[in-house]
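This note concerns the surroundings of the ligands in the structure shown below. Please read the numbered points with the structure open.

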Amino acid sequence: MRTVHDRGASDAPAAGRRPKLRAVPGHRLAGLPQLAGADRRLRHEIEVVAAVLPFKVNNHVLEELIDWDRVPDDPMYRLTFPHRDMLPPEIFDRISALLTGGAPRERLAEAVAAARRALNPHPGGQLEANVPRLDGRPVPGLQHKYRETVLLFPAQGQSCHAYCGYCFRWAQFVGEPELRQSLPGPASALEYLRAHPEVSDVLVTGGDPLIMSTARLAGYLDPLLGPGTEHLRTIRLGTKALAWWPHRFTTDPDADDLLRLFERLVAAGRQVAVMAHISHPRELAAVGVRAAVARLRSTGAVIRAQAPLIRHVNDDPRVWAELWRDAVALGIVPYYLFVERDTGASSYFEVPLARAVTIYQDAVRQVSGLERTARGPVMSAGPGKVCVDGVAEIGGERVFVCRFLQAREPDRVGRPFFARYDERATWFDQLRPASFERRPWFGAGAGLAEAPAAV
Ligand SMILES: *Cc1c(COP(=O)(O)O)cnc(C)c1O
Ligand code: SF4
């Protein structure tokens with residue numbers, strides 16, 4: 001496959017050629033021509049898993065990102081295509097039997113609904129928690145967990161160009177309406193932000209907010225330049241568009257308008273940060289990305305790269321080292337290496353914290369200082385963003401050295417704390433205080449039950 005260095009300064013599609021977006025939904029994946037020569041069993045497995053979990057790819061993913069010679073082990077394929085191990089065996093077998101036996105529609109739908117309920121669509125209650133109030137009324141589609149940062153979830157941005165198998169938004173992608181928490185329009189967000197001068201950062205997220213037209217996005221962002229918003233210094237956009245559809249920034253009909261929007265925000269003194277979800281270096285080497293990055297940077301926006309560590313996709317220090325090197329070569333700043341959350345097909349993708357620490361450290365050692373700006377492995381947990389800095393031995397006890405990068409209670413930020421080393425732990429709630437930690441880590445108001453005191 002290509003690397004980022006194989007491309008010249010401009011790799012935009014030739015003038016006058018506009019790549020046209022074609023989306024392929026989950027139920028059509030098994031019938032794709034690229035899989036025509038594949039094992040029949042593989043295609044059946046795709047069908048079974050896609051009946052339960054949401055999938056979607058587009059022509060960029062199919063034609064530029066997946067290496068079909070390496071399927072089914074190719075990392076981009078693993079990231080976006082159904083795999084039988086994504087479902088617990090008993091669920092897989094039940095749905096498989098119903099499909100093979102030609103069960104009536106309603107019976108299949110019932111089994112699918114039951115399977116989805118069993119797969120934890122609400123990780124950590126994040127969407128329902130942290131919803132702020134304005135004059136006593138909740139403002140759905142807003143989250144205010146950290147003093148200086150407010151998250152906006154515009155309703156029209158609650159989708160994505162392609163779906164990562166681990167996406168914690170999957171309940172929304174399968175359209176369960178009670179799980180949707182989104183902003184119908186900019187008015188309530190603007191009112192809330194005006195009333196909160198302590199907020200400096202607005203983070204527009206989704207799904208992917210860049211799935212919205214520029215006109216819609218401008219409807220949310222232009223008001224942030226109006227009176228009463230002077231305390232907002234930074235506008236971040238969490239997006240996978242650079243990886244899934246780089247033409248959003250180059251040849252799409254409203255790409256130029258998007259760049260003008262960013263220029264307006266920058267000219268008004270705001271930092272525009274494009275928080276690009278980049279899972280694998282191959283995403284940066286694909287056609288159109290170099291041109292998209294150059295155009296974005298020309299607006300004064302800063303692009304930062306972040307992604308979770310995902311088994312079968314990027315659980316290899318060489319992949320992260322290459323990703324960070326290539327990102328910096330393009331002018332993208334590495335930001336976070338996340339730990340994947342406990343939702344959906346999580347056991348298929350999860351990597352134990354102990355291994356995540358090793359992968360992070362081995363990757364960091366391979367790159368230069370400027371390429372070491374990503375922090376990780378980081379968990380976005382109830383009380384805050386926890387980074388596992390390493391493993392140490394203290395007083396004969398093996399521990400994880402942890403630190404809050406962000407916390408509901410700001411005075412916790414930066415303070416190290418220690419957890420018992422646990423080779424199998426994959427998430428914060430499985431960690432226990434080291435035996436020498438006198439107090440439980442988290443007091444009242446931390447948002448999580450207190451960790452049990454050490455015995
Ligand atoms: C990561 C995150 C933020 C942003 O945190 P930074 O450390 O400022 O990048 C804000 N809100 C939530 C809920 C987050 O998970
Ligand atoms: S890019 Fe983000 S929003 Fe889109 S499917 Fe992946 S994790 Fe979900």
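1. A polar contact is a pair of N or O atoms within 3.5 Å. The structure is a predicted model, and the points below should be read accordingly.

2. An N or O atom in the side chain of Ser 380 is 2.7 Å from an oxygen atom of ligand 1. For Tyr 336, a polar side-chain atom likewise lies 2.7 Å from a ligand 1 oxygen atom. In the case of Gln 406, the distance from an N or O atom of the side chain to an oxygen atom of ligand 1 is 3.3 Å.

3. On its own, ligand 1 has 380 Å² of accessible area, and the protein covers 88% of this area. Strands S5 (142-146), S6 (149-152) and S11 (333-339) are the elements that give two or more residues to its shell. The greatest contribution is that of S5, with three residues.

4. The shell around ligand 1 includes Gln 143, Lys 145, Tyr 146, Thr 149 and Leu 151, as well as Arg 236 and Lys 385. By class, this shell comprises five nonpolar, four polar and three charged residues.

5. Which residues surround ligand 2? They are Cys 160, Ala 162, Tyr 163, Cys 164, Cys 167, Phe 173, Gly 207, Lys 240, Trp 244 and His 277. Seven residues of the ligand 2 shell are nonpolar, two are polar and one is charged.

Methods. Residues are numbered from 1 along each chain as its sequence is written. Chains are lettered from A and ligands numbered from 1 in the order in which they are written. This is a predicted model: local features need pLDDT of at least 70, side-chain atom pairs count only at pLDDT 80 or more; totals for chains, interfaces and linings use all residues. Side-chain values use heavy atoms; hydrogens and water are left out. A residue is near a molecule or strand if one of its heavy atoms lies within 4 Å of it. A polar contact is a pair of N or O atoms within 3.5 Å; within protein, one must be able to donate a hydrogen and the other to accept it, and residues adjacent in sequence count only if both atoms are side-chain atoms. Accessible areas come from the Shrake-Rupley method with a 1.4 Å probe; for residues, only the protein chains shown count as cover. Helices (H or I, at least four residues) and strands (E, at least two) are DSSP runs, numbered from the N terminus. Ala, Val, Leu, Ile, Met, Phe, Trp, Tyr, Cys and Pro count as nonpolar, Asp, Glu, Lys and Arg as charged, and the others, Gly among them, as polar.
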